[in-house]
Amino acid sequence: MYCIVGGGISGLVAAYRLRVAAGPGAVITVFDPADRLGGVLRTERIGGQPLDVGAEAFVARRPEVPALLAELGLAARQIGTTGARPLIYSGGRLHPMPDGTLQGIPAHASSLRGLVDDATIARIADEPTRPFTWRPGADPSVADLVGDRFGDQVVTRSVDPLLAGVYAGSAATIGLRSAVPTLATALDRGMASLTDAVREALPPPVTGSVFGAIDGGYRVLVDELVRCADVRWAQVAVERIDRATRGWEVVDDEGTRWPADAVVLAVPAPRLARLIEHLAPRTAAAARRIAVASTALVALALPGGTPLPQQSGVLVATGERLRAKAITLSSRKWGQRGNVELVRLSYGRFGDNLAANTGDDDLLDWATQDLADVFGIRVDPVDCHVQRWIDAMPQYGPGHGELIAELRAGLPATLAVAGGYLDGIGVPACVAAATRAAASLALTRVAR
Ligand SMILES: Cc1cc2nc3c(=O)[nH]c(=O)nc-3n(C[C@H](O)[C@H](O)[C@H](O)COP(=O)(O)OP(=O)(O)OC[C@H]3O[C@@H](n4cnc5c(N)ncnc54)[C@H](O)[C@@H]3O)c2cc1C
């Protein structure tokens, strides 16, 4: 009997993998108090069209999601972007997304011309001539390294917009090894300068779409996972896990005790600590050290024909007066469906409480104003939806890899963790971590 605590993508993939390993006879229970399964993978109908109001995409060159879709018979539902590119909003105006950068870190000064001032361009050009030292294995914040070598404007105008899009954080809160692992590896090999390391780490140009998504939204994947995993859904919150004579007891918020041979804990890091602090204090302490950010998403359906640019969206530099931190022009990015223009605006960064404390009406007013400020359009939406993701975005700070090794080391056998705070925040990394969790439990059972 397996219990999975948390029914987001991590919990559902773990459940599905356990079903495949254990066969039809196993009882697999997923605990989640939400109104539907999927966690941050949530698709709503807006303007009559399905639109993801949490995660909307996955990195297509990673194998996990395409392989999972193929396994579930959903390969034909994978779609790519139209080829429209994003823009950066900095200094109150729009700039093209620079080419030849790694998470916004330039390989050439010319990549950032127009986005940063001339003194910064000269400083980037001159970087390889300045003495550079790197301690193999070091994990500074991205801001510390990039700011030191290239200057603050590269951090706030080129790197921050990208990291804010991924983590709702900034270069100051994210460690280099998590944000740009290939760059850290290149530096460890001994490069003469940061510029050389970026050039070394730049991936070859991709043919085809960098990002994939699912026709019909992530709901299609969630529904199929639930069906194939054949889970029993207990729509309750879990309070804690207790040891039992044989295995575990999962205790829900109504006091019901559910026996389990093995448990996957697939809740966000802040929830994990409470469930297991009496069993695994090292793990709980490590989980508590993972900071989280909240974000609110405003999804709008604008009338068909609204004159939006042929771009996939806008990433916003740090320090702008604009309130949104990112705008996705979904109909431009993934292709038009129906007679509406679907747009998503996100609000809130690490360290602020905008997502929790701003009312729906204010968020909708901000969205209208931001669209006017960025694109010069003022139009009444035909439909809208506000979605809040509180404490949903873990910050991969400096030393995150060691912290996660510590977190896993403190876990008793037959308890496993899965989640977006472990080995990467993206959906592909969640699929990988959940697969690892399920494999560790399936092996333990075989060994007993
Ligand atoms: C707004 C946003 C946009 C994103 N965009 C992308 C993107 O485009 N591409 C990408 O690859 N990644 C994206 N990500 C990251 C990715 O979506 C997440 O890392 C991933 O979905 C997390 O999945 P999870 O199952 O680990 O956690 P969650 O989805 O948070 O699921 C955890 C579940 O646990 C449940 N739970 C909590 N407490 C308890 C309890 N006590 N008992 C039982 N259940 C409990 C919750 O109800 C929830 O359903 C985005 C994240 C956010 C927040």
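Analyst: The residues that line the largest cavity are Leu300, Thr368, Leu371, Ile377, Arg378, Val379 and Pro381. Please note that the model is a predicted one.

User: What classes of residue make up the lining of the largest cavity?
Analyst: The lining consists of five nonpolar residues, one polar residue and one charged residue.

User: What volume does the largest cavity have?
Analyst: Its volume is about 40 Å³. The structure holds one cavity of 30 Å³ or more.

User: How does one find such empty space?
Analyst: A probe the size of a water molecule is rolled over the atoms, and this shows where empty space is left.

User: Let us change topic to helix 1. Which residues does it cover, and what is the distance between its end C-alpha atoms?
Analyst: Helix 1 covers residues 9–22, and its end C-alpha atoms are 20 Å apart.

User: How many residues of helix 1 are buried?
Analyst: Of its 14 residues, 11 are buried, so helix 1 is largely enclosed by the rest of the structure. The buried ones are Ile9, Ser10, Gly11, Leu12, Val13, Ala14, Ala15, Tyr16, Arg17, Leu18 and Arg19.

User: What comes just after helix 1?
Analyst: Gly23 follows, with a positive phi of about 85 degrees.

User: Which residues other than glycine have a positive phi?
Analyst: Two can be named here. Ala168 has a phi of about 55 degrees, and Asp230 has one near 50 degrees. In general, most residues other than glycine have a negative phi.

User: Where do Ala168 and Asp230 lie?
Analyst: Ala168 is in the loop between helix 5 (152–167) and helix 6 (176–179). Asp230 belongs to the loop between helix 9 (219–229) and strand 12 (232–234).

User: Is Ala168 buried or exposed?
Analyst: Ala168 counts as buried because its relative accessibility is 0%, and the limit for a buried residue is under 20%.

User: What about Gln395, which touches Ala168?
Analyst: Gln395 sits in the loop between strand 21 (383–394) and helix 15 (400–409). Gln395 is buried, at a relative accessible area of 5%. Its side chain reaches the backbone oxygen of Met393 at 3.1 Å. Not counting residues up to four places away in sequence, Gln395 also touches others, including Tyr167, Gly169, Phe350 and His400.

User: Next, the loop between helix 3 and helix 4. What can be said of Glu127 there?
Analyst: Glu127 is placed between helix 3 (118–126) and helix 4 (142–150). Glu127 is buried, with a relative accessible area of 0%. Beyond four places in sequence, Glu127 touches Phe132, Arg149, Phe150, Ser193, Leu194 and Thr195.

User: How far apart are Glu127 and Trp248?
Analyst: The two are 121 residues apart in sequence, and their C-alpha atoms are 56 Å apart in space.

User: And where is Phe132?
Analyst: Phe132 also lies in the loop between helix 3 and helix 4. Phe132 is buried, with a relative accessible area of 16%.

User: What does Phe132 contact?
Analyst: Leaving aside neighbours within four places in sequence, Phe132 is in contact with Glu127, Leu145, Arg149, Leu187, Met191, Ala192, Ser193 and Leu194. The C-alpha atoms of Phe132 and Ala192 are separated by 6.5 Å, although these residues are 60 residues apart along the chain.

Key:
Residues numbered from 1 in each chain as written. Predicted model: local features only at pLDDT ≥ 70, side-chain atom pairs only at ≥ 80, totals over all residues. Heavy atoms only, no water. Helix = DSSP H or I, 4+ residues; strand = E, 2+ residues; numbered from the N terminus. Buried < 20%, exposed > 50% of the residue type's maximum accessible area, 1.4 Å probe, protein only. Polar contact = N/O pair within 3.5 Å; in protein donor to acceptor, adjacent residues only side chain to side chain. Contact = heavy atoms within 4.5 Å. 1 Å grid on protein atoms, 1.4 Å probe; cavity = no way out; pocket = protein on both sides within 12 Å on 5 of 7 lines; lining within 4 Å. Points joined across faces, edges and corners; volume = space filled by probe spheres on them. Nonpolar A, V, L, I, M, F, W, Y, C, P; charged D, E, K, R; others polar. Expected span 1.5 Å × (residues − 1).
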